[in-house]
Amino acid sequence: MADLVSHPDEVRVVSRRFGQGAADIDRYLQLDGYKAVQKALAMQPDAIVNLVKDSGLRGRGGAGFNTGMKWSFVPKQSAKPKYILCNGDESEPGTCKDRLIFEHDPHAVIEGVVIAGIATGAHAGYIYVRGEYRYLLEIMQKAIKDAYARGFLGKNIFGSGYDFEVYWHGGAGAYEVGEESALMESLEGKRGIPRIRPPFPAVVGLWGGPTVINNAETLASVPHILLGGAEWFAKLGPPKNGGTRLFCLSGHLNRPGVYELPMGYNLKKMIYNVGGGIPNGRTLKAVVPGGSSCPLLTAGEIDVSMDFDSMMKAGSMLGSGGVVVVDDSTCMVKFALRIMKFYRHESCGWCIPCREGTDWLDKILVRFHSGGGLRKDIDNIQYLSENMLGRTFCPLGDAAAMPTISIVKKFRKEFEDHLDGKPCPFEKAGAAELAMA
Amino acid sequence: MKFSDQFEARFAEMLTHYPTKRSALVPTLLYAQDEVGHLSDEVIAEIASRVDLTELEVRNVISYYSMLTTKPRGKYNVQVCTNIACLLRGGEELLEHCKGRLGIGNKGTTQDGMFSLEEVECIGACSWAPAVQVNYAFHENLTTEKMDKVLDAYNEEGNAVGKWLTWSPIPMK
């Protein structure tokens with residue numbers, strides 16, 4: 001079980017029940033559980049959608065799309081059943097927050113799914129949990145079973161006349177499945193290859209029915225909005241960036257951990273105050289601000305507000321909340337190589353720019369880091385990455401390109417230091433073993 | 001082909017989850033693998049017939065998912081994460097240590113069939129890096145010394161249990 005941490009600057013909304021045994025349904029009920037869904041049942045569906053829209057809740061998986069807006073795209077009338085799909089395929093490197101939600105507050109996710117269903121007129125929801133999180137799938141299975149036993153799920157929930165079914169589903173290891181259309185393919189028992197859009201999932205999704213796909217943290221935020229109100233939630237963060245976020249601090253920090261901080265919290269404060277700064281007398285070199293798909297920030301670029309819009313302005317992304325801190329002992333060529341190795345491994349192979357691009361980039365970076373690089377490779381790495389941007393079927397190609405471009409641009413000197421057969425200045429061995437592993 | 005009663009109960013439940021049988025495929029394959037140790041020809045044939053697919057279609061799905069394997073593995077599959085958060089905190093050193101200690105390379109299996117070793121991508125333990133999963137149990141904030149203790153404990157357990165143990169519901173510390 002992952003250790004919990006705390007800091008005085010935390011604002012606990014989603015993590016309010018962490019460490020309090022709320023996976024137990026009776027304990028969850030004591031802690032205001034299942035009140036929000038009863039409130040939702042008494043509301044008009046449009047009123048719920050508008051409330052969530054006004055709260056400024058944006059997708060916590062990384063894209064940051066307004067959740068209420070996403071719900072509003074679901075057609076009112078549909079010949080096919082509508083579905084809610086909770087994306088719990090957390091696998092963005094640097095991200096480990098949904099894991100804590102499933103472990104400590106599984107009923108909040110269930111409640112969020114049901115509320116999303118009431119708001120969009122759906123009568124079934126699926127909670128997809130990544131395959132590696134087997135103990136969390138067990139927790140979720142029990143939570144769903146308990147909720148059925150109390151009449152909170154199934155026919156006529158809370159005696160309201162509304163029917164809603166919630167089902168669990170387990171994955172089997174695939175980063176790509178976290179992409180919403182690949183997630184649906186996976187749930188339908190296929191390879192997780194993304195679908196072309198349009199049509200968007202809100203119109204044609206699971207088994208052809210209109211489908212809302214939200215991240216687990218997004219859905220776990222929804223019950224709090226119902227109870228606390230849109231205005232309260234919106235005011236926790238800067239304009240259009242409502243609420244808080246579970247920031248997963250990792251890497252070279254004295255106090256790594258998952259902390260819930262208001263949207264717009266300053267990144268520098270997050271690293272030095274909340275995360276306790278860099279250990280071993282080292283200094284900061286770079287930060288991955290929101291999972292491995294985001295452009296990196298240098299030590300001089302960290303005085304920024306961690307919300308979707310400010311991070312976009314700073315040339316990066318808020319992403320999934322995975323903040324990976326890198327100190328000055330790290331070789332950025334190797335770091336770029338490790339990121340590319342990941343995307344090469346996870347590329348589903350469906351579209352050519354991603355399949356060939358990640359493979360080619362991985363090979364160049366391996367050769368480069370082991371001392372066989374040519375000066376023209378540096379520009380080629382950037383050129384190849386830029387040619388993947390926007391030219392792939394799904395965002396995986398962009399995700400591989402963006403950090404790579406930023407590393408070449410911001411740490412070009414480190415690439416030059418590897419030229420002319422020079423060994424990696426940061427380590428004895430070089431990347432030969434990494435490549436063979 | 002005989003699976004456990006628990007598997008049959010789960011499979012029967014899953015068929016009620018979805019409008020199509022094939023939707024139960026991915027979790028069913030993983031549950032079957034947990035019992036048999038790998039997805040053998042026999043398992044693939046059985047599951048294909050249960051969800052009305054050809055064996056080829058099932059194999060096509062299996063090859064996509066990194067946790068699914070058609071090759072036998074050791075009783076304990078030691079999965080060492082070396083992705084960025086673990087890399088920065090010694091994930092690669094941990095992998096090298098495991099290779100040396102077990103005398104096998106990446107995706108290898110020890111001769112006694114006790115351990116397999118696998119370098120894996122992010123397992124969602126970034127804030128507690130470096131981290132390893134042994135079957136489904138997480139082991140976090142590791143050092144090479146702690147890793148040795150973890151492996152010792154599994155070795156002891158493996159010799160005592162003597163059968164293909166699938167996973168521990170409560171991850172060991």
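Modeller: Two strands pair if DSSP finds at least two bridges between them, and both strands (E, at least two residues) and helices (H or I, at least four residues) are DSSP runs numbered from the N terminus. This is a predicted model, in which local features need pLDDT of at least 70 and side-chain atom pairs count only at pLDDT 80 or more, while totals for chains, interfaces and linings use all residues. Residues are numbered from 1 along each chain as its sequence is written, chains are lettered from A and ligands numbered from 1 in the order in which they are written, and side-chain values use heavy atoms, with hydrogens and water left out.

With that in place, strand β2 of chain A (residues 124-129) is joined to strand β3 of chain A (residues 165-170) by six bridges, and these two strands run parallel. Across from A:His169 in β3(A) stands A:Tyr128. Strand β3(A) is mostly covered, since five of its six residues are buried, that is, under 20% relative accessible area with a 1.4 Å probe and protein chains only.

Once neighbours within four places in sequence are set aside, A:Ile110 is in contact with A:Tyr34, A:Ile127, A:Met140, A:Ala143, A:Ile144, A:Leu153 and A:Val166, where contact means heavy atoms within 4.5 Å.

Helix α6(A) also packs against helix α3 of chain A (residues 45-54), at an angle of about 120° and with the axes 7 Å apart; the axes are lines fitted to C-alpha atoms over the stretch in contact, and angles run from 0 to 180 degrees between N-to-C directions. The two helices, α3(A) and α6(A), are therefore oblique to each other, the word for angles that are not under 35 degrees (roughly parallel), over 145 (roughly antiparallel) or 65 to 115 (roughly perpendicular). On the α3(A) side, A:Pro45, A:Ile48 and A:Val49 meet A:Ile115, A:Ile118 and A:Ala119 of α6(A), and the residues of this contact divide into six nonpolar, no polar and no charged.

Notes
Nonpolar A, V, L, I, M, F, W, Y, C, P; charged D, E, K, R; others polar. Buried < 20%, exposed > 50% of the residue type's maximum accessible area, 1.4 Å probe, protein only.
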